[in-house]
Amino acid sequence: MCDTETADGEAGPALGVHLGMGGRIVVTDSDGERIGGGPARPDRQPRKAEWDRFTMTFDDGGEFRLFDKRRLGRVRLDPDLSGLGPDAEGMKPAEFRDRLLRGTSAVKARLLDQSVLAGVGNLLADETLWQARISPKAPVRDLTRTDLDRLHRNLDRALERAVANGGVHTGEVVEHRHPGGHCPRCGTEMVHGTVGGRSTWWCPQEQV
């Protein structure tokens with residue numbers, strides 16, 4: 001989310017950017033050199049023009065692009081944010097506990113509910129729950145304060161690592177979320193199910 005400015009210097013509409021599951025922001029100067037956005041990472045396939053879902057050209061020739069191979073990202077002007085909960089990043093432990101405990105569903109479903117807290121997607125939820133050693137199927141009402149505080153700490157850490165490393169796909173357990181994948185800590189084969197309507201992977205040995 002960022003503010004824009006009109007040609008005469010007046011405040012323009014807010015630009016809302018949704019990264020989808022794998023999108024990233026790329027900012028380049030007039031020579032095409034990368035100067036901002038998420039950390040650069042190599043692409044395994046030849047670049048395709050359609051992967052740039054949105055491009056905004058600045059007066060000096062530089063560009064702001066939403067790069068998204070999966071084409072799930074989107075851009076909106078003055079997006080309606082009234083249905084979103086507070087940003088997960090920077091949320092205090094007490095507010096985190098309070099908002100999660102207002103429901104009775106499985107903890108992963110609560111984490112993914114953007115009206116509870118905004119910014120947690122499927123991969124980030126799996127990574128956070130694995131780091132915290134909490135079952136994604138556990139009803140939130142069954143979690144202790146210690147459980148919730150541990151979950152909050154690990155969400156903060158997972159967010160910090162994702163920002164630093166270029167996305168939630170860089171999480172420690174993410175590459176093991178597939179048939180035959182094993183828990184990076186204990187070596188137990190990961191199991192798969194659906195929680196809150198979303199594909200979910202967890203360690204049956206540690207996340208009980």
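Student: Leaving out residues up to four places away in sequence, which residues does Thr200 touch?
Tutor: This is a predicted model, and the contacts discussed here are computed from its atoms. Thr200 is found in strand E9, which covers residues 198-202. Once residues up to four places away in sequence are set aside, the residues that Thr200 touches are Lys108, Asp126, Pro136, Val191, His192, Gly193, Thr194 and Val195.

Student: Which backbone oxygen does the side chain of Thr200 reach, and at what distance?
Tutor: Thr200 has a relative accessible area of 0%, and because buried means under 20%, Thr200 counts as buried. Its side chain reaches the backbone oxygen of Arg198, and the distance is 2.9 Å.

Student: Is Lys108 buried or exposed?
Tutor: Lys108 has its place in helix H2. Leaving aside neighbours within four places in sequence, Lys108 is in contact with Asn122, Ala125, Asp126, Leu129, Pro136, Val195, Arg198, Ser199 and Thr200. Since its relative accessible area is 0%, Lys108 is buried.

Student: What joins the side chains of Lys108 and Asp126?
Tutor: Asp126 is found in helix H3, and with a relative accessible area of 1% Asp126 is buried. Among the residues Asp126 touches, not counting those up to four places away in sequence, are Lys108, Arg177 and Thr200. The side chains of Lys108 and Asp126 are joined by a polar contact of 2.8 Å.

Student: How far apart in space are Lys108 and Ala125?
Tutor: In sequence, Lys108 and Ala125 are 17 residues apart. Ala125 is also one of the residues in contact with Lys108. From C-alpha to C-alpha, the separation of Lys108 and Ala125 in space is 6.5 Å.

Student: Which element gives the most residues to the largest nonpolar core?
Tutor: The largest nonpolar core has 23 residues, and those touching the most other members are Leu100, Val107, Leu117 and Leu151. Two or more residues come from each of helix H1 (93-100), helix H2 (107-112), helix H3 (122-132) and helix H4 (145-165). The element that gives the most, with five residues, is H4.

Student: Which residues does Val107 touch, not counting residues up to four places away in sequence?
Tutor: Val107 is among the members of the largest nonpolar core that touch the most others. Not counting residues up to four places away in sequence, Val107 touches Leu100, Leu129, Ile134, Ser135, Pro136, Ala138, Val140, Leu143 and Leu151.

Student: What distance separates the end C-alpha atoms of H4?
Tutor: The buried residues of H4 include Leu148, Leu151, His152, Leu155 and Leu159, and what covers the buried residues of H4 includes H1, H2 and H3. At 1.5 Å a residue, the 21 residues of H4 should span 30 Å. The model agrees with that expectation, because the end C-alpha atoms of H4 are separated by 30 Å.

Student: Which parts does the aromatic pair tie together?
Tutor: A search of the whole structure finds one aromatic pair.

Student: Which residue has its charged end over the ring of Trp51?
Tutor: At 4.8 Å from the centre of the Trp51 ring sits the charged end of Lys69.

Student: What is the phi of Asp78 near?
Tutor: Asp78 is found in the loop between strand E7 (74-77) and H1, and at 51% relative accessibility Asp78 counts as exposed. Most residues other than glycine have a negative phi. Asp78 has a positive phi although it is a residue other than glycine, and the value is near 45°.

Conventions
Residues are numbered from 1 along each chain as its sequence is written. This is a predicted model: local features need pLDDT of at least 70, side-chain atom pairs count only at pLDDT 80 or more; totals for chains, interfaces and linings use all residues. Side-chain values use heavy atoms; hydrogens and water are left out. A nonpolar core is a set of buried Ala, Val, Leu, Ile, Met, Phe, Trp, Tyr and Cys residues joined through side-chain atoms within 4.5 Å. Buried means under 20% relative accessible area, exposed over 50%, partly exposed in between (1.4 Å probe, protein chains only). Helices (H or I, at least four residues) and strands (E, at least two) are DSSP runs, numbered from the N terminus. Contact means heavy atoms within 4.5 Å. A polar contact is a pair of N or O atoms within 3.5 Å; within protein, one must be able to donate a hydrogen and the other to accept it, and residues adjacent in sequence count only if both atoms are side-chain atoms. Rings of Phe, Tyr and Trp (its six-membered ring) pair if their centres lie within 6.5 Å; planes under 30 degrees apart count as stacked, over 60 as edge-to-face and the rest as tilted. A charge sits over a ring if NZ of Lys or CZ of Arg is within 6 Å of the ring centre and within 35 degrees of the ring normal. The expected span of a helix is 1.5 Å times one less than its number of residues.
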